[in-house]
Amino acid sequence: MATLAGGAMAAMWWRGRRGAARRWGLLAVAGAGAAWSVVYGDHVRKDEVARFAGGEPQLAEVTGVIDERPYVVESRRGDFAPFTAVPPATAFVMRVESVVVAGRPEPASGRLYVRIGQAEHRLGRGDRVTVTGWIKQIEGPSNPGEWDYRRYMASRGVRARISVPRRENCRVVGKARAAPLLRFMDGAGDEAAAALRLGMEREAQRLAFLDAILLGRRHPDLGDLDESFR
């Protein structure tokens, strides 16, 4: 489509029809952009960590660098949340360096979503960590019309996730040397987020929405609101 539009643009320009040429040119650019988006979104490198993850969870050990600020999320959701005793979890995205699956160490690349089943406040952006847990591909929606979490994460370059049951399964093998400005920004953001929560009920989606519109922090607790907000 983009090639045909580009040919039509050249023909219109050659005939002196500058207005029509510009319109065909816009169509060619849009078509090329759409094609690039499809190719980029579906392309997975040979050593991409998602290639080591299947539809069913399997035990893996992954080493890499924390790429985004870790955050603690409330695991309790829905109307029955007050009656459950599920502890908070810790989540972050890491840049993968290597993976061990079925006892075979392999070099790997790409980004991986990590979720630890407990609160862990000792991790920081830039830390090099080794996590051991259950890796699998991120699943798409179960029913038509549901928010497509897989598509959202793929837009961030994340196609797989690993569930780590305990914080002991996440070992820091190298601490980051964060720049002073970055440390100040992270600290100021934490203080602002804590101030937003003063006097408010701990409703995860509402607090995540406030973080997004006031602090620019994107949070998985937004759920399907994230798509609407974007």
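What is the mean pLDDT of the protein chain, and what share of its residues reach 70 or more?

1. This is a predicted model, in which local features need pLDDT of at least 70 and side-chain atom pairs count only at pLDDT 80 or more, while totals for chains, interfaces and linings use all residues. Residues are numbered from 1 along each chain as its sequence is written, and side-chain values use heavy atoms, with hydrogens and water left out.

2. The mean pLDDT (the predictor's confidence in each residue, from 0 to 100) of the protein chain is 77, and 64% of its residues reach 70 or more.

3. Gly54 belongs to the loop between α2 (18-42) and β1 (58-66), helices being DSSP runs of H or I with at least four residues and strands runs of E with at least two, numbered from the N terminus. With 22% relative accessibility, Gly54 counts as partly exposed (buried is under 20% relative accessible area, exposed over 50%, partly exposed in between, with a 1.4 Å probe and protein chains only). Neighbours within four places in sequence aside, Gly54 contacts Lys136 and Gln137, and its C-alpha atom is 9.1 Å from that of Ile138, 84 residues apart along the chain.

4. One aromatic pair is found in a search of the whole structure. The ring centres of Tyr149 and Tyr152 are 6.4 Å apart and the planes stand at 45°, so the pair is tilted (rings of Phe, Tyr and Trp, the last by its six-membered ring, pair if their centres lie within 6.5 Å; planes under 30 degrees apart count as stacked, over 60 as edge-to-face and the rest as tilted). Because Tyr149 and Tyr152 are three residues apart in helix α3 (residues 149-155), about one helical turn separates them; both Tyr149 and Tyr152 are buried.

Notes:
Contact means heavy atoms within 4.5 Å.
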